[in-house]
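Student: Here is a structure I would like to go through. Can we take it step by step, with salt bridges and domains as the topics?

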Amino acid sequence: MIEFDNVSKVYQNKWTALSNVSFKVEKGEFLFITGPTGAGKTTILKLIYGEELPTTGKVIVNNKNVSLIKKKELPFYRRNIGIIFQDFKLLYDRTVYENLEFVLKAIGTKEDEIREKIIRTLTRLGMVHKKDCYPYQLSGGEQQKVAIARALVKDPEIILADEPTGNIDEEASKEIINIFKEINLMGATVIMATHHSELPQILKKRRLHIVSGKIVYD
Ligand SMILES: Nc1ncnc2c1ncn2[C@@H]1O[C@H](COP(=O)(O)OP(=O)(O)O)[C@@H](O)[C@H]1O
Ligand SMILES: [Mg+2]
């Protein structure tokens, strides 16, 4: 369902982030992308959701060449992809509930389904009691859960998580990892970028290890 076919990415004609990267991810798979800072992990995620385009090679998602998706079709394409950014990117002047509502309204969810979806998603993450809080009233781990809830609320087929355990303590990390395991068990494809190279082994999941933009281990 996701295929990188000999993909290279060079930023501004001079910064090579990926060189000749090829791999496939099947529907329902759980894939870790590991590697040191600057290896190209975030770039891979950006290529999947079409924030960046490959310089050469093809990125194919659900039989679609992402480079051929028109700009105005990108929001529609992304309905199916839940993204958890490294720095959360929450709306800080809105409550937890409103952050999720914003996403559902943007994709045209029917008014009478919005509340039900938000409450269900927040309940699943143990965050429903914080629904009227603003992000600044939450701990780092709780903000991370809101970022995950926002990605999940649209029931996407693909979840992309960029260093979701990067900014939180070990205990909260374990909880977060378990949430992703659960999401994956329910059928979603999960791709998680992390510099914690021990995680794939602990979870017994596939690992794509990249260094300086090249796959060194799959
Ligand atoms: N917008 C950009 N412009 C120029 N270089 C970039 C840009 N984004 C990323 N890079 C470079 O590409 C390389 C890979 O970056 P990135 O994919 O963010 O790595 P990682 O997520 O593994 O830390 C790095 O050398 C980084 O400096
Ligand atoms: Mg990164």
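Student: How many salt bridges does a search of the whole structure find?
Tutor: Keep in mind that this is a predicted model. The test asks for a side-chain nitrogen of Lys or Arg within 4 Å of a carboxyl oxygen of Asp or Glu. Searched over the whole structure, the number of salt bridges is 14.

Student: With which residue does E157 form a salt bridge?
Tutor: E157 sits in the loop between α5 and β7 (158-162). Its partner is in the loop between β2 (15-25) and β3 (30-34), 130 residues apart from E157. The closest N and O atoms are 3.6 Å apart, and the partner is K27.

Student: Is K27 buried or exposed?
Tutor: Exposed takes a relative accessible area over 50%. E157, at 29%, counts as partly exposed. K27 has 54%, so K27 is exposed.

Student: Which parts of the chain does the salt bridge of K41 and E163 tie together, and how many residues apart are they?
Tutor: The closest N and O atoms of K41 and E163 are 3.9 Å apart. K41 lies in helix α1 (residues 41-48), and E163 lies in the loop between β7 and α6. The pair therefore ties together parts whose separation in sequence is 122 residues.

Student: Are K41 and E163 buried or exposed?
Tutor: Buried means under 20% relative accessible area. K41 has 6%, so K41 is buried. E163 has 6%, so E163 is also buried.

Student: What is the N to O distance in the salt bridge of D87 and K89?
Tutor: D87 is partly exposed, at 48% relative accessibility. K89 is partly exposed too, at 44%. Their side chains meet in a salt bridge with an N to O distance of 3.5 Å.

Student: How far apart do the C-alpha centres of domain 1 and domain 2 lie?
Tutor: Domain 1 covers 1-80 + 157-163 + 174-218. Domain 2 covers 88-155. Their C-alpha centres lie apart by 24 Å.

Student: Which helix gives the most to the side of domain 1 that touches domain 2?
Tutor: The residues on that side divide into six nonpolar, no polar and five charged. The top contributor gives five residues and spans residues 170-185: helix α6.

Student: Where does V128 lie, and which residues does V128 touch?
Tutor: V128 lies in the loop between α4 (111-124) and α5 (140-152). At 29% relative accessibility, V128 counts as partly exposed. Leaving out residues up to four places away in sequence, V128 touches I119, L122 and T123.

Definitions and conventions. Residues are numbered from 1 along each chain as its sequence is written. Chains are lettered from A and ligands numbered from 1 in the order in which they are written. This is a predicted model: local features need pLDDT of at least 70, side-chain atom pairs count only at pLDDT 80 or more; totals for chains, interfaces and linings use all residues. Side-chain values use heavy atoms; hydrogens and water are left out. Helices (H or I, at least four residues) and strands (E, at least two) are DSSP runs, numbered from the N terminus. Buried means under 20% relative accessible area, exposed over 50%, partly exposed in between (1.4 Å probe, protein chains only). Contact means heavy atoms within 4.5 Å. Domain bounds come from an automatic or database domain assignment. Ala, Val, Leu, Ile, Met, Phe, Trp, Tyr, Cys and Pro count as nonpolar, Asp, Glu, Lys and Arg as charged, and the others, Gly among them, as polar.
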